[in-house]
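Student: Could we go through this structure together? I would like to begin with the overall picture and then turn to individual residues.

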Amino acid sequence: MSISHQDHAYPEPAAHPNWSSRHHKPRPLTPAQQKQNRDALLRAQHTPRRTRNTTTKAAR
């Protein structure tokens, strides 16, 4: 059984204006911003994460 528009208890709200595709496209990143993003990505990928030690003294 398909649900028609009349079967809904309330109408669907209108989309937020910011979701519209009629607005301008975002500005491209500057070379400095691109470099900053690349550096941050490399740091995040190569920096070891601290992991929580799950073993307890009793389990050792």
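The conversation below moves from the whole chain to particular side chains.

Tutor: Please note at the outset that this is a predicted model.

Student: Understood. How many helices and strands are there in the protein?

Tutor: The protein has one helix and zero strands. The helix, α1, covers residues 31-46.

Student: And what percentage of the residues is buried?

Tutor: Of the 60 residues in the protein, buried ones make up 0%.

Student: Changing topic, how many salt bridges are counted?

Tutor: The count comes to one salt bridge. It pairs D39 with K35, whose closest N and O atoms lie 2.9 Å apart.

Student: Why can such side chains pair?

Tutor: Side chains of opposite charge can do so when their charged atoms come close.

Student: Where do D39 and K35 sit relative to each other in helix α1?

Tutor: They are four residues apart in α1, so about one helical turn separates D39 from K35.

Student: How accessible are D39 and K35?

Tutor: D39 is partly exposed, at a relative accessible area of 30%. K35 is also partly exposed, with a value of 44%.

Student: Let us turn to L29. Where is it found?

Tutor: L29 lies in the segment before α1. Its relative accessibility is 43%, so L29 counts as partly exposed.

Student: Which residues does L29 contact, leaving aside neighbours within four places in sequence?

Tutor: With those neighbours set aside, L29 is in contact with Q34 and N37.

Terms used:
Residues numbered from 1 in each chain as written. Predicted model: local features only at pLDDT ≥ 70, side-chain atom pairs only at ≥ 80, totals over all residues. Heavy atoms only, no water. Helix = DSSP H or I, 4+ residues; strand = E, 2+ residues; numbered from the N terminus. Buried < 20%, exposed > 50% of the residue type's maximum accessible area, 1.4 Å probe, protein only. Salt bridge = Lys/Arg side-chain N within 4 Å of Asp/Glu carboxyl O. Contact = heavy atoms within 4.5 Å.
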